[in-house]
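Subject: Structure handover

Hello,

Here is the structure I promised to pass on. Please open it first, then read my notes below.

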Amino acid sequence: MKISARNVFKGTVSALKEGAVNAEVDILLGGGDKLAAVVTLESARSLQLAAGKEVVAVVKAPWVLLMTDSSGYRLSARNILTGTVKTIETGAVNAEVTLALQGGTEITSMVTKEAVAELGLKPGASASAVIKASNVILGVPA
């Protein structure tokens, strides 16, 4: 599969919680990293999601927010993935920042150059990727 989204993760559904309209899907990525997705109940059924099913989770880089200090804050986003800044590619306006998570998964965010400076991001620095579960798109092998 070729896709324009920067973040494409292979994983396994570890839990599925069905609600009246949506389903919450917990996904185990390699190395113990975890990701939560919220999809419509119709989509969960169409994809035949269930514990143990292999899935692909897609997250566009602009949907990944970065934070360097979460002390004292609680967020509504289900996915707060802490890692270390691996690379920063700076452009005229934006920068592409890649984090290496503790389990080995890499996640890329697209943020402004100003955000990189304000957050003090540099290779080796600790940072967290923040992703709303509704911004995680799921797919299954055909």
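Of the 142 residues of the protein chain, 39% count as buried. Please bear in mind that this is a predicted model. The accessible surface comes to about 8,100 Å². Carbon and sulfur atoms hold 51% of that surface.

Now the fold. The protein chain has two helices and ten strands. Their order along the sequence is β-β-β-α-β-β-β-β-β-α-β-β. The radius of gyration is 15 Å, close to the 14 Å that the globule rule gives for 142 residues, so the chain is as compact as a globular protein of that length. Along its principal axes, the C-alpha trace spans about 45 × 35 × 25 Å.

Next, contacts. Take those in the protein chain with a separation of 6 or more: 61% of them are between residues 24 or more positions apart.

Charges are quickly told. The chain carries 14 positive and 12 negative side chains. The centres of the two sets lie 2 Å apart.

One residue I looked at in detail is Ala 5. It sits in the segment before β1, which covers residues 7-18. Is Ala 5 buried or exposed? Its relative accessible area is 10%, and buried means under 20%, so Ala 5 is buried. Which residues does Ala 5 contact, leaving aside its neighbours within four places in sequence? They are Val 58, Val 59 and Lys 60. Ala 23 lies 18 residues from Ala 5 along the chain, and their C-alpha atoms are separated by 23 Å.

Best wishes

Note on methods:
Residues are numbered from 1 along each chain as its sequence is written. This is a predicted model: local features need pLDDT of at least 70, side-chain atom pairs count only at pLDDT 80 or more; totals for chains, interfaces and linings use all residues. Side-chain values use heavy atoms; hydrogens and water are left out. Helices (H or I, at least four residues) and strands (E, at least two) are DSSP runs, numbered from the N terminus. The radius of gyration is taken over C-alpha atoms; the globule rule is 2.2 Å times the number of residues to the power 0.38. Buried means under 20% relative accessible area, exposed over 50%, partly exposed in between (1.4 Å probe, protein chains only). Contact means heavy atoms within 4.5 Å. Accessible areas come from the Shrake-Rupley method with a 1.4 Å probe; for residues, only the protein chains shown count as cover. Lys and Arg count as positive and Asp and Glu as negative; His and the chain ends are not counted. The place of a charge is taken as NZ of Lys, CZ of Arg, CG of Asp or CD of Glu.
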